[in-house]
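I opened a notebook for this structure. The entries below say what I looked up and what I found.

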Amino acid sequence: MKPFGYLRAGSVDEAVRAGADHPGARFLGGGTNLVDLMKLGVETPPLLIDVSRLPLDRIEKLPDGGLRIGALVRNSDLAAAAVVRDRYPALSQAVLAGASGQLRNTATTGGNLLQRTRCTYFQDVSKPCNKRAPGTGCPARDGAHRDLAVMGHSEHCVATQPSDMAVALAALDATVHLRGPDGERAVPVTDFHRLPGDRPERDTVIRAGELITAVELPPERPGARSRFRKARDRASFAFALVSVAAVLEVRDGTVQYAALAFGGLAHRPWRARTAEKVLLGASATQGTFGRAADAELAAARPLRDNGFKVPLARNLTVGVLAGLNECT
Ligand SMILES: Cc1cc2nc3c(=O)[nH]c(=O)nc-3n(C[C@H](O)[C@H](O)[C@H](O)COP(=O)(O)OP(=O)(O)OC[C@H]3O[C@@H](n4cnc5c(N)ncnc54)[C@H](O)[C@@H]3O)c2cc1C
Ligand code: SF4
């Protein structure tokens, strides 16, 4: 076992100060991903800064009608909150589609957003991996990549972002709030996770020592409904092969508003702006939904063994949008 220090932060300021003073330190939320990676030798932080008891565990309605979700709200509490289930059902559905009941009781909102890829080479320290050890190569490109990216990948990394919650948050236009040594800032969820490019070791735009303090949702759109669906190998306890989160508003048979995000296809939640343009102002029919999915998925570049994700994403999209259309 590699020795590491442990500090239980008594305040947000103390946590951020400790992060700035100890390069390589990691914040500990529920620990359901970080501790696993430490056991595997993938993460070797010199210090764990335990933030799990900080007062960031509330879900609060904002004066403008939006919602503020503290970074330490547990996944189970988030999924069960009446305000989330009523106003942002896609978020509740996405959280419930992830992990298991026990894990969700422990896992936090901030930790969920920052969980690392499930690429098997990343988790195996005996293998090369550009994300874990930059410059060593990407064996997944020609190796086991059935579960990995079909969009936005690079020659350096073909990993996928694993959080279901992040996909729903991307469709819902959420914002991540951060506090770091240089102060506070807010980043749209759609800009928070990165594409791999030539720096696959960086999953997100978070800076060293920055703490996620909250995630904020804009007010619900009157007349719009949201939904999340996930295709996976098992009915539970499995990561997404493909997932879709959608917000749809239809009036008199015409799409007034559409927001769509894919999971399981890329290194970040994939906000489907091309599909949204096809949907906006068009008749809400299965034909339109299929054309929108096709327009977005034209950018897909499947690898040898994961081409099946493209038709899967199309069918899931059509099903989700058709289901939402029936309820609007
Ligand atoms: C068997 C299994 C199955 C799973 N299946 C799914 C699934 O299907 N879908 C899914 O979405 N997830 C799944 N998960 C992942 C699970 O959702 C994550 O492990 C969990 O959400 C991480 O939250 P945590 O609070 O435990 O994070 P931690 O493990 O505590 O932290 C994760 C990372 O975030 C950092 N961090 C934590 N909190 C903060 C903060 N406030 N600010 C800055 N950095 C922070 C940590 O330093 C660490 O790098 C699964 C996990 C397991 C073990
Ligand atoms: S896909 Fe990314 S995480 Fe997986 S082996 Fe390649 S570089 Fe590593």
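For sorting residues, I counted Ala, Val, Leu, Ile, Met, Phe, Trp, Tyr, Cys and Pro as nonpolar, Asp, Glu, Lys and Arg as charged, and the others, Gly among them, as polar. By that rule the shell around ligand 2 holds 12 nonpolar residues, 2 polar and 1 charged.

Ground rules. The model is predicted, so I kept local features to a pLDDT of at least 70 and side-chain atom pairs to pLDDT 80 or more, while totals for chains, interfaces and linings use all residues. Residues are numbered from 1 along each chain as its sequence is written, and chains are lettered from A and ligands numbered from 1 in the order in which they are written.

Entry on the ligands. I took a residue as near a molecule if its C-beta atom, placed from the backbone, lies within 6 Å of it. Ligand 2 has 15 residues around it, and C119, Y121, C129, C138 and C157 are the closest. Ligand 1 has 32 residues around it, with G29, G30, G98, G110 and G111 nearest. The shell of ligand 1 sorts into 15 nonpolar, 14 polar and 3 charged residues. Which helix gives the most to the shell around ligand 1? I found helix 7, with 4 residues. Among the others that supply at least two are strand 2 (26–28), helix 2 (34–40) and strand 8 (211–217).

An automatic or database domain assignment gives the bounds: domain 1 covers 5–50 and domain 2 covers 225–327. Their centres, taken over C-alpha atoms, are 36 Å apart. I called a residue buried if 20 or more other C-beta atoms lie within 10 Å of its own, exposed if 12 or fewer, and partly exposed in between, with C-beta atoms placed from the backbone. A nonpolar core is a set of buried Ala, Val, Leu, Ile, Met, Phe, Trp, Tyr and Cys residues joined through C-beta atoms within 7 Å. The largest one has 96 residues, and A168, A171, A245 and A246 touch the most other members. At least three residues of this core come from each of domain 1 and domain 2.

Entry on strand 8. I found 6 of its 7 residues buried. Two strands pair if DSSP finds at least two bridges between them. Strand 5 (residues 67–70) runs antiparallel to strand 8, with 4 bridges, and L67 stands opposite L217. Strand 6 (residues 175–180) is also antiparallel to strand 8, with 5 bridges, and T175 faces E216 there.

Entry on helix 5. Why is helix 5 (residues 89–96) largely enclosed by the rest of the structure? It is because 7 of its 8 residues are buried. These are A90, L91, S92, Q93, A94, V95 and L96.

Entry on phi. Most residues other than glycine have a negative phi. A99 sits in the loop between helix 5 and helix 6, and F237 in the loop between strand 9 and strand 10. Are they buried or exposed? A99 is buried, with 23 other C-beta atoms within 10 Å, whereas F237 is exposed, with 11.
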